[in-house]
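Thanks for making time this morning. I would like to walk you through a few local features of one model, so please have a look at it on the screen.

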Amino acid sequence: MSKRKDNDGVPAFDGKAVAAALPLAPGVYRMFNAEGGVLYVGKARALRNRVGSYFNATPKPTRIMAMLAQVARIEVTVTRSEADALLLENQLIKSLSPRYNVMLRDDKSYPFVLVTKEDWPRIAFHRGPRSMPGRYFGPYPSAASVRETLNLMHKLFRLRSCEDSVFRNRSRPCLQRQIGRCSAPCVGLVDAAEYADAVRRAGLFLDGRSGELGDELTAAMQAASEALEFEQAARLRDLIATIRKLQARQYVDGRNADLDVLAVAMQGASACVLLLAFRDGRNLGTRAFFPKTNGEDSAPEVLSAFVSQYYAEQPPPSEIVLDRDIPERELIEQALAEHAGRKVELRHSVRGERAAHLDLVRRNAELALATELTSSSAQQARVEALRELLGLAEAPSRIECFDISHTMGEATVASCVVFDAAGPVRNQYRRYNIAVGGGSGIEPGDDYAAMHQALQRRFRPAAEGEPDIVLPDVLLIDGGTGQVAQAQAVLQDAGLQGVVLVGVAKGPERKAGAETLLLPDGREVQPGASSPALQLVQQVRDEAHRFAITGHRGKRQKTRSSSRLEDIAGIGPRRRGALLRHFGGLVGLKAAAVDDIARVEGINRPLAERIWASLHGLEAGAGQ
């Protein structure tokens with residue numbers, strides 16, 4: 001898959017390839033020109049689809065075409081929800097001032113809930129500068145959600161909403177008192193202690209600490225449904241959905257923080273350190289670094305070296321949050337404090353918002369590393385290293401890899417992925433549905449027979465002399481000697497020569513970087529995690545594994561005609577029902593963040609992460 005080149009012979013930006021490698025998760029994307037200037041910041045419900053839409057054949061406005069002609073790089077930040085993406089987009093537009101974005105004058109684009117600091121506090125809708133004394137809750141994604149919140153707050157806590165000029169001059173209760181939406185402190189119908197307690201409870205609710213209330217409303221909804229009062233149940237369902245939406249803390253908002261959040265992702269000896277910076281309460285976005293590890297495969301060591309070197313040149317903030325403990329942390333902390341002339345704290349065990357920031361940075365570090373490993377220059381270096389390892393006269397121009405996926409023999413699928421010198425050639429991927437049992441000659445779970453059939457179907461046309469059949473230079477088989485023997489038999493029966501066959505056997509305890517390669521001359525080698533050749537083999541093998549699993553899940557889903565939740569291990573009828581009731585259906589569940597899902601009874605944090613990953617098209621545990 002050759003890349004287009006511009007007039008200077010420099011490879012042109014391949015937006016389609018970049019978009020194809022992105023997940024279907026919500027997030028924010030940033031487009032840069034060749035000089036590193038930010039052209040555009042945008043949000044997406046599904047990053048792959050949104051970014052890909054820029055590079056399809058659909059006609060676009062002149063302004064957009066002019067922008068796309070300058071794009072040299074795209075960076076993305078995965079967020080927990082679409083609402084988080086909306087808020088992060090707003091913050092980045094203000095801090096980066098992209099050339100092609102519509103710029104807003106101030107913070108009037110997002111509303112807050114204000115609880116004033118007075119003897120008798122008022123709760124109100126607020127936009128603009130936060131100059132009035134009191135507590136500000138937000139920002140929130142929409143004015144409608146804030147108004148719904150205020151409506152609910154008045155019903156639950158009966159706090160006043162009137163302006164001070166009205167409050168001071170009332171002599172009798174107003175209509176709000178008569179309809180049960182205010183306790184009428186203006187005329188002394190509630191004492192100060194009781195009203196202050198209502199204000200405190202309202203603050204807890206707005207802080208997201210309202211699980212008891214959600215449980216109560218859920219029970220009421222179920223009771224209404226069982227009593228066939230469906231209109232009432234629907235109203236309660238919508239009310240619960242509003243509460244869940246408002247309980248979700250906006251983790252892209254740094255409040256008044258002045259901190260950096262760092263996480264490291266590694267694949268073999270390849271590393272990415274991702275930095276998320278907050279200054280003066282502003283989210284400055286993420287930046288990815290790819291340190292040269294020289295074979296070091298310990299993530300704590302890589303992160304320790306990065307912290308020492310990066311903050312020797314950059315002024316450190318007062319707080320640096322790390323995704324893991326690092327060697328000599330106290331010594332580094334002391335050195336940074338002396339360098340900055342003030343206290344600098346390195347933290348690795350955090351809770352609350354900082355833990356949420358860490359989750360966000362970990363996911364984006366893994367995504368940035370995966371993107372980097374598919375870049376053109378890195379890909380060419382790995383292809384050349386594979387040529388040297390296999391002793392080939394020329395670098396392989398076509399690599400294919402086969403893998404088998406099934407669940408205890410059910411819905412067996414074989415995958416074939418294709419790579420060339422530039423990376424994956426997705427339009428040439430193939431899947432083979434393998435029939436098992438019922439006279440097919442293949443028993444459920446027989447990976448050898450399944451591999452044999454898939455390879456036969458791939459190479460039979462070439463053996464029969466069909467024209468225009470392209471053969472691979474290197475054929476990778478995910479498996480040990482048994483699977484490789486099946487491939488050898490198929491190639492010999494077909495009379496095909498010139499295909500270099502390599503088996504990829506998993507290492508001890510399936511440790512990445514410890515794989516054994518079964519070479520054509522009978523040798524078994526372990527190149528090690530730092531080997532670019534093995535990194536390429538891992539990339540191709542992992543892609544074949546992903547493609548096989550995706551096909552297997554799709555095939556299994558078609559045979560079940562049931563909720564997608566049934567594909568997730570650990571989700572039975574009771575938990576599935578609890579999830580759907582809690583969020584009012586699958587659409588509400590998909591829009592929820594991991595923390596929201598984990599609040600459901602019977603759902604712990606690891607299971608919530610698996611549910612989120614499955615619903616957003618990610619591997620279980622990836623990017624969490």
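What we have is a predicted model, in which local features need pLDDT of at least 70 and side-chain atom pairs count only at pLDDT 80 or more, while totals for chains, interfaces and linings use all residues. Residues are numbered from 1 along each chain as its sequence is written, and side-chain values use heavy atoms, with hydrogens and water left out.

Let me begin with helix α8, residues 192–206, where helices are DSSP runs of H or I with at least four residues, strands are runs of E with at least two, and both are numbered from the N terminus. Its buried residues, meaning those under 20% relative accessible area with a 1.4 Å probe and protein chains only, are Tyr195, Ala198, Val199, Ala202, Gly203, Phe205 and Leu206. Seen down the axis of α8, these fall within an arc of 160 degrees, taken from the directions from the axis to the C-beta atoms, so they line one face of the helix. On the other side of α8, Ala193 and Glu194 are exposed, which by definition is over 50%, with partly exposed in between.

Turning to the backbone, most residues other than glycine have a negative phi. Ala184, in the loop between α7 (175–178) and α8, has a positive phi near 60 degrees, and this residue is buried at 2% relative accessibility. Leu228, in the loop between α9 (211–226) and α10 (230–247), also has a positive phi, of about 65 degrees, but Leu228 is exposed at 61%.

As for the cysteines, the structure holds 0 disulfides, a disulfide being a pair of cysteine sulfur atoms within 2.5 Å. For Cys174, the nearest cysteine sulfur is that of Cys182, 5.7 Å away.

Finally, there are 11 aromatic pairs, counted when ring centres of Phe, Tyr and Trp (its six-membered ring) lie within 6.5 Å, with planes under 30 degrees apart stacked, over 60 edge-to-face and the rest tilted. Phe112 and Tyr136 have ring centres 6.4 Å apart and planes at 90 degrees, so the pair is edge-to-face; Phe112 lies in strand β4 and Tyr136 in strand β6, so the pair ties together parts that are 24 residues apart in sequence. The rings of Phe306 and Tyr310, by contrast, have centres 5.2 Å apart and planes at 10 degrees, so this pair is stacked.

Note on methods
The expected span of a helix is 1.5 Å times one less than its number of residues.
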